Amino acid sequence: MDKRRTEKNDENSASERPTLKTLAFMTGLGVTTVSRALKDAPEIGAETRRRVQLVAKQIGYRPNRAGVRLRTGRTNVISLVLNTEREIMSFVSDIIYGVSEVLADTPYHLIVTPYSRSQDPLDPIRYLVETGSADGVIISRTQPNDARARYLLEHGIPFATHGRTDMGLVHPYHDFDNHAFAVEAVRRLASMGRRKLALLAPPVGLTYHGHTVNGFADALSEVGASEIPFSTVSIDHSIEQIRTRTAQLMRRDIRPDGIVSSAAAATLALVAGIEDAGFKLGRDVDIVSKQSSDLLHLFRPELLIVNENFRLAGSELARSVLGWIGGSAPGSLQSLSVPSEVLAYKRSMA
């Protein structure tokens, strides 16, 4: 008896969901007019479009995605593919916010497609393509020769990469200028009299590793500083690993008096390692670090900061994918963020 009641309630719930006919009845318009108004069709007057869309929002109307797919061949889905073991939460939340903000006023919905370290990064891309689960894809942790980008290009799926490739193939992307970041970081440290500099870099294999390392080397040559090698860890290592190896680095006879860090979470470990070795931030060594949320100065106001805006990245990536779906040339859907100035919170608060 309970099972029959539950099934009946489910049927009633489904039948009570607002439909195009519901909207047509409530607005006094035809179903075809309502449908076109929801799609912002130019032949429908602006006031009619506004009224239909307002009523749709008020009653919670949502298009039936299965029906949309049957009629148009589209899913109205954009997939954000993320490595759940590698991406830190500030990145995930900010980039999702940025993507969602752009999609909010469109028919498209965001789904997050996760994968883990044990998987081939191409696996979730194959799944999305083979099942037709999304109209567009956003990928991160981009490599110079990225098999995922090549696969999506070969299968004609609109996509954008967070970071650039180096395959000689044109596709949309949004990137942060990590070469410029490293150059500005080294220049700032050199202006403070720091001459022995170390770099905590992104992981080898990702495109922005090369950009960061090259910028660091170019700037060292420009300012006449020397590099203290620190290649035993990257920002992908655990907090404890970075902390331990930073302490080892600082206990060497020749140790850095300035460090460039490519990620805020890694910077927390750097500071802990420096202090474990008995040294003081701002006196014995200075750090210039990237951050995506305005928090590092609360941890140590001596830190020098360059901001990277992941919400902007999410917004730009969403616009790029939608642009490609809408027929724009992929080469016109590329953007590069310029680093902010190096911020010294302790000095600005003094």
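Predicted model: local features only at pLDDT ≥ 70, side-chain atom pairs only at ≥ 80, totals over all residues.
View 1. One aromatic pair is counted, with rings of Phe, Tyr and Trp (its six-membered ring) pairing if their centres lie within 6.5 Å. The ring centres of Phe159 and Trp324 are 5.5 Å apart and the planes stand at 50 degrees, so the pair is tilted (under 30 degrees is stacked, over 60 edge-to-face, the rest tilted). Phe159 belongs to strand 4 (residues 159–162) and Trp324 to helix 14 (residues 310–325), 165 residues apart, so the pair links distant parts of the chain. Helices (H or I, at least four residues) and strands (E, at least two) are DSSP runs, numbered from the N terminus.

View 2. Buried means under 20%, exposed over 50%, partly exposed in between (1.4 Å probe, protein chains only).

**View 3. Arginines over ring faces.** Arg311 lies over the face of Tyr97, 3.8 Å from the ring centre. Arg300 lies over the face of Phe299, at 4.4 Å. The criterion is NZ of Lys or CZ of Arg within 6 Å of the ring centre and within 35 degrees of the ring normal.

View 4. Ile242, Thr246, Ala247, Leu249 and Met250 are the buried residues of helix 11.

**Notes.** Residues are numbered from 1 along each chain as its sequence is written. Local features need pLDDT of at least 70, side-chain atom pairs 80 or more, while totals for chains, interfaces and linings use all residues; side-chain values use heavy atoms, without hydrogens and water.
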